[in-house]
Amino acid sequence: MVVNLARTTSASIELLTQVFQSIDGQSCPRFYNFHLHTVNSDGRLQPNILMEQAISIGLKGLAITDHHGTGGYQVACAWLEDWKWNNPDASIPHLWTGVEINANLLDIEVHILAYGFELENSSMKPYLQKKITTGRDYQAANVIAAIHDAGGLAVLAHPVRYRRSHFDLIPAAAEYSIDGVEAFYAYNNPNPWKPSPVETEEVQLLAEEYGLYNTCGTDTHGLNILQRL
């Protein structure tokens with residue numbers, strides 16, 4: 001069977017866009033999760049265990065967003081293909097490509113999440129070397145442009161965690177055509193996981209003002225995808 005990769009990627013991004021338009025305070029962590037780490041960067045979960053958890057809780061869709069690399073995603077993707085083969089009638093979560101990239105925005109370091117990009121696209125190569133980039137590649141405008149060149153969507157991760165106010169950072173990121181902001185985020189690592197109410201509301205209002213998608217994720221670094229740590 002010949003697969004049209006361009007068409008597949010386009011359909012995947014169309015679905016991702018629809019999902020981002022529907023994200024609300026109830027979406028994460030039991031329906032969608034767009035911020036997850038594995039042992040391939042600074043997380044503690046093996047990719048296959050992460051996928052087993054995603055299936056067991058009934059996630060509809062997710063992205064593994066290791067820092068500057070997609071090794072965890074690729075292992076998870078291969079595992080999921082095998083699982084689908086052995087469980088043909090089961091409900092399968094949609095696994096999008098993902099990566100978390102350090103970048104300079106307004107002279108501070110921020111993290112930009114990339115989703116749904118073409119894995120082999122040359123624009124993404126500088127950001128998949130398991131290390132932080134430098135020079136032009138480190139500038140937020142160029143990171144966002146590279147993600148778009150690779151057919152993906154760019155999202156500002158946890159906008160209220162930086163040394164500069166989200167009231168400055170989100171407009172600046174919007175000026176560089178970022179697609180969304182991680183609006184639903186638990187800044188104090190509560191158990192059970194739930195988005196921080198004040199920060200979420202402020203980010204949502206800014207997202208509405210600048211026409212950005214709201215996304216959600218647990219930013220899991222530990223052994224349970226329902227928690228951050």
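Predicted model: local features only at pLDDT ≥ 70, side-chain atom pairs only at ≥ 80, totals over all residues.

**Entry 1: a hairpin.** I looked up S4 and S5, and found that they pair in the antiparallel sense over eight bridges. Leu105 stands opposite Ile108 of S5. The hairpin of S4 and S5 has two residues between the strands, and Leu106 takes a positive phi there, near 55°.

**Entry 2: the other partner of S5.** How many bridges join S5 to S6? I found four, between residues 108-115 of S5 and residues 153-156 of S6, and these strands run antiparallel. Leu113 has Val155 of S6 opposite. I then checked how far S5 is covered: seven of its eight residues are buried, so I wrote it down as mostly covered.

**Entry 3: the whole sheet.** I reminded myself that strands of a sheet pair through backbone hydrogen bonds, either parallel or antiparallel. Here five strands form an open sheet, in the order S4-S5-S6-S7-S8, and the pairing is mixed. Why is one side of S4 and of S8 left without a neighbour in the sheet? S4 (98-105) and S8 (213-216) stand at the edges and have a single partner strand each, so one side of each has no neighbour in the sheet. From one strand to the next, the twist averages 40°.

**Entry 4: helices across the sheet.** Which strands does H5 lie across? I found that H5, residues 166-175, lies across S4, S5, S6 and S7 (180-184), and that it runs at about 105° to S4. H6, residues 197-210, lies across S7 and S8, at about 155° to S7.

**Entry 5: H5 with H6.** I then compared these helices with each other. Their axes come within 10 Å and cross at roughly 30°. Angles under 35 degrees count as roughly parallel, and H5 and H6 are therefore roughly parallel to each other. Their crossing is right-handed. H5 makes the contact with His166, Phe167, Ile170, Pro171 and Ala174, while H6 uses Glu202, Val203, Leu206 and Tyr210. I sorted the residues of this contact by class and wrote down seven nonpolar, one polar and one charged.

**Entry 6: H2 with H3.** At what angle do the axes of H2 and H3 cross? The axes of H2 (residues 47-57) and H3 (residues 71-86) cross at roughly 55° and come within 8 Å. That angle makes H2 oblique to H3. The crossing of H2 and H3 is right-handed. On the H2 side, the contact is made by Pro47, Asn48, Met51, Glu52 and Ile55. On the H3 side, I listed Gly72, Val75, Ala76, Trp79, Leu80 and Trp83. By class, this contact of H2 with H3 has eight nonpolar, two polar and one charged residues.

**Entry 7: the rest of H2.** Which residues of H2 are buried? I found Pro47, Leu50, Met51, Gln53, Ala54 and Ile55. Last, I looked at what comes after the helix: H2 is followed by Gly58, and the phi of Gly58 is positive, near 80°.

Note on methods: Residues numbered from 1 in each chain as written. Heavy atoms only, no water. Pairing = 2+ DSSP bridges. Axes fitted to C-alpha atoms, helices over the stretch in contact; angles between N-to-C directions. Contact = heavy atoms within 4.5 Å. Parallel < 35°, antiparallel > 145°, perpendicular 65-115°, else oblique. Left-handed = near helix turned anticlockwise from the far one by under 90°. Nonpolar A, V, L, I, M, F, W, Y, C, P; charged D, E, K, R; others polar. Buried < 20%, exposed > 50% of the residue type's maximum accessible area, 1.4 Å probe, protein only.
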